[in-house]
Amino acid sequence: MGVKLLFSQPIHHPPPPPPPRRPRLPPHCNAFHIPNIQSPSFQYPSFSIRKESLKRTSLVARAQLNFPLISPQDQWGTWAALFATGAFGIWSEKTTIGSALSGALVSTLIGLAASNLGIIASEAAAYDVVLNFLLPLAVPLLLFRADMRRVVRSTGKLLLAFLLGSVATTVATVVALFLVPMRSLGQDGWKIAAALMGRHIGGAVNYVAISKALDVSPSVVAAGLAADNVICAVYFTTLFALAAKIPAETSASTSDAEIKEESESGNKLPVLQAATALAVSFIICKSGSFFTKYFGIQGGSLPAITAIVVVLATVLPNQFAYLAPSGEAMALILMQVFFTVIGASGSIREVMSTAPSIFLFSLIQIVVHLAIILGVGKLLRFDPKLLLIASNANVGGPTTAGGMATAKGWTSLVVPGILAGIFGIAIATFLGIAFGKAVLVFM
């Protein structure tokens with residue numbers, strides 16, 4: 001038996017692969033030719049970077065660039081920016097440009113610019129606190145002087161002129177909305193018309209309250225405020241030009257002592273008065289919120305808060321007048337912070353697109369208001385300075401009305417002008433919301 005050896009079989013190896021052939025060069029090239037940029041055989045080197053990583057990197061970079069400098073989660077930074085802007089707005093009224101624009105508009109424009117430049121966020125939890133708590137808190141603080149009996153007793157014929165101006169503003173709103181329907185704003189068109197109607201009967205706080213009650217978009221609110229402030233600057237210039245030929249009063253009024261006392265008290269901010277004013281304002285806000293929810297009142301709690309403080313200021317005039325100076329000082333600060341939030345919540349692109357129509361609407365509204373109050377007032381034989389102060393109280397509010405009377409030397413109209421403006425703030429929110437829902441919404 002033979003043994004079969006495994007190694008005895010031949011082993012076949014595959015043939016080696018042929019050597020790689022060198023690529024043949026084009027006829028116009030040789031082995032020593034080095035291509036350059038102008039050469040047709042030149043190709044840029046390619047790098048092996050995945051497209052996914054490039055997209056991811058660009059998205060991260062874009063997100064980091066768009067992120068605001070002050071994060072919305074940075075509560076201290078956000079509140080610091082809001083109050084610093086509000087304080088700057090108040091200070092700006094001491095300058096020529098700031099006094100022409102008003103502190104409210106300065107704060108709004110700075111907030112708008114800061115938000116769109118990525119310095120502060122367009123949405124933050126602090127903004128909700130301002131809209132839902134600080135704004136309602138400012139309304140009672142502004143209306144501690146809203147004693148309706150004193151208004152009727154002290155204003156006299158000026159109150160009739162003021163009511164004529166309120167009717168003139170209402171008619172002017174209908175005329176302006178008919179000529180400039182602002183259909184490009186959609187439902188915000190008639191709403192901002194109602195807010196501007198309240199603005200030109202009472203003041204900026206009514207504009208804010210009506211806008212909030214009717215749920216106007218922040219960009220439209222900011223555009224309306226910016227456009228209307230420009231129109232108001234022209235209006236006040238016209239008003240002083242019309243008053244140029246009316247002389248100052250020769251004798252001091254019997255209310256000079258009262259004016260002096262109020263102005264002196266307005267320059268102080270006692271701690272006890274300030275603390276009490278805040279406490280009372282919080283209680284009024286709680287009561288207004290409770291009644292709004294209990295009775296199912298639409299439009300937010302601001303109308304109910306306004307009604308409560310007017311009733312209390314009328315029933316307890318001395319007690320609320322004692323708190324008024326401190327309340328008004330704190331309300332001014334809170335309102336400036338609110339205007340900063342309005343600006344920060346807006347978009348410059350939307351403001352620029354909506355402002356022209358609101359500008360034209362406000363212009364027509366003011367022109368018609370001034371024509372009606374001066375024309376009808378002349379037919380009713382009103383004193384021209386009464387009509388001018390009443391119109392100022394309508395459009396500008398108590399501060400500008402009292403300031404104009406003081407500047408012109410009409411001392412007997414200083415306190416009545418202030419009270420007429422406060423009366424306008426007390427009624428304008430209700431008039432604007434009611435007239436908007438009853439008439440303007442159908443135009």
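Which helix is Val 167 found in? Val 167 sits in helix H7, residues 157-179; helices here are DSSP runs of H or I with at least four residues, numbered from the N terminus.

Before I go on, a word on what we're looking at. This is a predicted model, where local features need pLDDT of at least 70, side-chain atom pairs count only at pLDDT 80 or more, and totals for chains, interfaces and linings use all residues. Residues are numbered from 1 along each chain as its sequence is written, and side-chain values use heavy atoms, with hydrogens and water left out.

Let's turn to the salt bridges, meaning a side-chain nitrogen of Lys or Arg within 4 Å of a carboxyl oxygen of Asp or Glu. Searching the whole structure gives three of them. One joins the side chains of Glu 328 and Arg 145, at 2.7 Å from N to O. Glu 328 lies in helix H14 and Arg 145 in the loop between helix H5 (125-142) and helix H6 (148-155), so this pair ties together parts that are 183 residues apart in sequence. Arg 145 is buried, with a relative accessible area of 11%, while Glu 328 is partly exposed, at 26%. For those words, buried is under 20% relative accessible area, exposed is over 50% and partly exposed is in between, with a 1.4 Å probe and protein chains only.

Another salt bridge pairs Arg 199 with Asp 228, at 3.4 Å from N to O. Arg 199 belongs to helix H8 (residues 188-199) and Asp 228 to helix H10 (residues 218-242), so here the parts tied together are 29 residues apart in sequence. Arg 199 is buried at 9% relative accessibility, and Asp 228 is buried at 1%.

Back to helix H14, residues 317-344, for a moment. Its 28 residues should span 40 Å at 1.5 Å a residue, and the end C-alpha atoms are 38 Å apart, which agrees; the expected span is 1.5 Å times one less than the number of residues. H14 also bends by about 45 degrees at Ala 324, with Pro 325 following within four residues. That bend is the angle between axes fitted to the seven residues ending there and the seven starting there.

And what about aromatic residues? Phe 290, Phe 291, Tyr 294 and Phe 295 form one aromatic cluster, where rings of Phe, Tyr and Trp (its six-membered ring) pair if their centres lie within 6.5 Å. Phe 290 and Tyr 294 are four residues apart in helix H12 (residues 271-295), so about one helical turn separates them. Thanks, everyone!

Notes. Helix = DSSP H or I, 4+ residues; strand = E, 2+ residues; numbered from the N terminus. Phe/Tyr/Trp six-rings, centres within 6.5 Å; stacked < 30°, edge-to-face > 60°.
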